[in-house]
Amino acid sequence: QILAHTLLLKLEQTMKMTASCARFCSALVALHSAVLVSSSETLNEEAETLSSHAEVGVGPEGMEGRTHGGSVVQHRKLRGAEVLSQNGISSAVVGDPSSGLQNEGKACFGHCDRTPGNCSFCGTGQCCRKADYNRGVPGCELASSVSGSQCGNFKGKVGLKNEVGLKNEGKACFGHCNSMPGDCDFCGTGQCCRKQDAERCVPGCELAGSVTVGARCGNFTSSAGCTPSSPTDPRPPNSDPVAGTPNSDPAAGTPDATPDPTGLLNEGQGCWTHCGFRGGDCPNFCGTGQCCRSDDWYRGVPGCELAENITQPVCGLYKQPYPQPVEFRLPLPQGTAQTPPSPAQGTLGTPVTGSIKDVVATAQNDTAPAYSGDGGQPWSPYEIGLVRDMILREIRRATAGRDDISGAKMLRLVFHDCLRHTNGQGGCDGCLNWHNMGTELGKENGRVEDREFEDHERRQSNNGLQKTVEFLEYIYNFDFGMASACWETPATVARDWLADTQKNPITVRSTEECQQHCQSTTRCVYFSVPQLPFIDGSGPCRLFGAGGRWNSLSSGRMIAGHGHCPEGTPSWSLQSRGKSRADLWAFASLVAIEEGMQRHNWACDGDRFSPHGGPLMCTQFEGEPGCKIQPSRPLIFKTGRKDCATTLEKPYMAEEEEVHADEHFNGTMTVRFMEENFGFSAKETVAIMGAHTLGRFHQQQSGHKYVWTTDYQAFNNQYYRNIAGKDDWFFDDSNCTKVGDAWGNKGSAVWIAKMNQVYRTGAPIQWIQKKVVCPNCADRSYERGGRHAERLALDRDCCLNGVPEGAQCRPDGHGEPGSKASARDDDFSWGCEYSHFIFGRDESALGSDMGLMYKFDVDRRGFPSGCPGLQTFYPSSMRFSDWTCGIDGRPWLDDPDRVQSNWTRQACPAGCAKQDYRYHDDNLTLAEHVERFADDQAAWIEEFIPSMEKMIRNGYADEDLVVSWPRNEVGGMLDGMRGDDP
């Protein structure tokens, strides 16, 4: 300690040495700081003494004194240098000053530890941004015109402020100056002032009476006297004298005003600064009126309902409260359900037999189980196979842009079908209430995110399911008898073309339409047409005479058919055979689940598009043991459900209204809803929510965007991995490149909340996940565009410069090869390893999903609260809960005063605590169930299957339904199924 103290005193005495000597001393200080760790307090005290010298630009490199808003912040960092470690002693290798300026004009922030000022990468020059010039960073006094970060000779004579002069003249400055008027480095030799500061004679603002809007930089100081025209306010205008009343500022400088008969003060007068820069009630300046502008009306600020055409914030009578939104929140679960036992671990992972996909559809196997009830008749294996094939053909056509009929929609349909009704009755009945069906958000301008609806207009409905219902109704009435006897697929016909259809085929929208053309064309015996999509499908229809040759094919999508079916051909449909529509809807959901599991298993084997050419599916564990999903038993298809009775236009349109869940539920509300409507326990609730692993959001229908998981057609446990925040790969290209941190570790997750802005104050609310990873250097993501230019430039630099062997990008911070970014990176919002979305395919979730893992409250508009990172996120506030950290994967580059804290360095996460609710007879909390399923896919699927089967028999007793599949030879339960299976 004595040695260090003596060294620092000597250094202080020689601070006026040449720059090279100063750098040499800086290296010595760094060396002794590392050796004498125990003397850190002494060193810090001496470093404060040196800060005054550092301000004039001759202090040791890495010991800066940054003056900002009247405060000095000490920084002591070794930057832009290679740090070597031997026997626990660190030494800094600094650049050779004799080499002069180096790398002029090149991006430098990543090479300089993301710290502006002197940097060895720049030689004798400095690494600076315009933001560093704005906030007066030593060494960046001449960087006023820099774009991005660049090396250059930017050091001015800091001790002589006139070298810099007035800066940022006319620019808004209050946020850059700690919300304090007067002298401020952001304004150079000038001052940051508002008009009211001149009225109050704030020192330095005597000449600011000409300022018209907000606070601006200028030369406002005067040695002449000044007489205050309004009371002096010693406090910043944003300070709140009483919690919860942000605009009640008794010392806000209210001018003399006489209230009108309504109590309104200062009508039409500018009020923004007097009211704490916030719209709404402002009793001390506007009296009974409000301070509002059109933007406050647009964002739904309470009290500004009539301010649509007010361009500047002025006092007026703008209050006309909207009706309150419907109360959707539910109390705690009642504990009326019983938590079922988990299956024994020994049964997990066994390959399944007897699945619906294994059924062979032959006319010889057209015998259904016996049944004497009055519900839907049982199904034969032949019927199961025929219907399954029609469903699979359609859902395999689904893409990201065309998925009105998909596996996910089949699952959503059966959930909505099996909901209870508002009258307490209902269950799975093959009917949906048709209110709001087909509605698309966006109104006249087509923009969904435009706050065009009032908060109280938000309602839950079955919207988006209409096409799926219509498709299944087509199947329900489809003539399987005629199709089986008269059509064959895959097959085609050749020779003896009629009506010039070989070269000029007839465009048709269905197989039936092509057959009708054949029936109305002379001499037509056969026709051929491809399998056509149910929605907007069209294709070529060709006609053939008796000389046509019928060719059966082994693969393909062509259909060959007879124009006139042979006499005596049987005609039958599911409807004519007494099957129920409700059973068909339940069956379709089981087909969708099996297909999703198969889709996942294909991807595990490397077939990312599936044998049927579907969308790309990138899975986290491709090629690894345990990737595949293999339940120990098949899904059970029971029949006997009854269809609803209705007098409406279509037989599937319900007169009753369902009790809908709300996507803004928190965890306990979700459990309460599932308990009341399905008799679910907490564990069953968590298990069934995994169905969200299939599908994507539809903005025009719900206001929500993106996907739950990027592999949205694969049925697996990725849903749980996401909401639990597990470290995972970042997939954002067509090659499934496993993007991680610099050393190839999976990226850590950061969850934030986001307004989707359909409704006035910002709802609906969606949660979005960011990953702390490198840019996708392998795919050159920096060339894609669509991002901020500086972010793309830094991405390029991170990928192409200084990347160690074996690394994905240049690492941030200091750590051993193989170390995780979370252990060495001190800012997840910036640098080479930073938090960002999979743009356009953001992995997201609803409140009802996140509430299973995290504990938060929710208001009646759907806004979550009660988490450290949600304090600035509330109705009519900023759109993203991480607004402080920035947008587009970068900090606010134009806001150098972004508050630095542990929260911002972690990329501003919502930071909610884990959900600790435990159901009355359960030994695990909701969060523990989520984490269990995230870690153990086999355990989840074993819990999901019985939960799914319980959901699709809602409203029925066990004896009401019979097993149609799987069956053994005598029509009983499949051998090998667990005895407790339903």
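**Note on disulfides, cores and strand pairing**

1. A disulfide (a pair of cysteine sulfur atoms within 2.5 Å) joins Cys286 to Cys315, with an S to S distance of 2.0 Å. The torsion about the S-S bond of Cys286 and Cys315 is about -65°, so this disulfide is left-handed. The pair links distant parts of the chain: Cys286 belongs to helix H6 (residues 283-286) and Cys315 to strand S13 (residues 314-316), 29 residues apart. Helices (H or I, at least four residues) and strands (E, at least two) are DSSP runs, numbered from the N terminus. Cys286 and Cys315 are both buried, where buried means under 20% relative accessible area, exposed over 50%, and partly exposed in between (1.4 Å probe, protein chains only).

2. On the basis of the values: this is a predicted model, in which local features need pLDDT of at least 70 and side-chain atom pairs count only at pLDDT 80 or more, while totals for chains, interfaces and linings use all residues. Residues are numbered from 1 along each chain as its sequence is written, and side-chain values use heavy atoms, with hydrogens and water left out.

3. By the distance rule, the disulfide count comes to 23. Among them is the link between Cys518 and Cys524, with S to S 2.0 Å. Its S-S torsion is -105°, and the link of Cys518 and Cys524 is left-handed. Cys518 is buried, as is Cys524.

4. Cys885 and Cys908 also form a disulfide, with their sulfur atoms 1.9 Å apart. The torsion about the S-S bond of Cys885 and Cys908 is 85°, and this link is right-handed. Cys885 lies in the loop between strand S30 (864-865) and helix H21 (902-905), and Cys908 in the loop between H21 and helix H22 (926-935), so the pair ties together parts that are 23 residues apart in sequence. Cys885 is buried, with a relative accessible area of 3%. Cys908 counts as buried because its relative accessibility is 0%.

5. A nonpolar core is a set of buried Ala, Val, Leu, Ile, Met, Phe, Trp, Tyr and Cys residues joined through side-chain atoms within 4.5 Å. The largest has 121 residues, of which Ile391, Leu472, Ile475, Phe944 and Met948 touch the most other members. Helix H13 (residues 581-604) gives the most to this core, namely 10 residues. Leaving aside neighbours within four places in sequence, Ile391 is in contact (heavy atoms within 4.5 Å) with Met410, Phe471, Leu472, Ile475, Phe587, Ala588 and Val591. A second, separate core of 20 residues includes Cys112, Cys799, Ala807 and Cys832.

6. Strands S5, S6 and S7 form an open sheet in the order S5-S6-S7, with antiparallel pairing. Two strands pair if DSSP finds at least two bridges between them. Strand S5 (117-118) and strand S7 (150-152) stand at the edges with a single partner strand each, so one side of each is left without a neighbour in the sheet. S5 and strand S6 (residues 126-128) run antiparallel and are joined by 2 bridges. Opposite Gly117 stands Cys127 in S6.

7. Strand S22 (residues 558-562) is joined to strand S15 (residues 487-488) by 2 bridges, and the two run antiparallel. Here Glu488 stands opposite Ala560 in S22. S22 is also joined to strand S19 (residues 526-530), by 5 bridges and again antiparallel. The bridge partner of Phe527 in S22 is Gly561.
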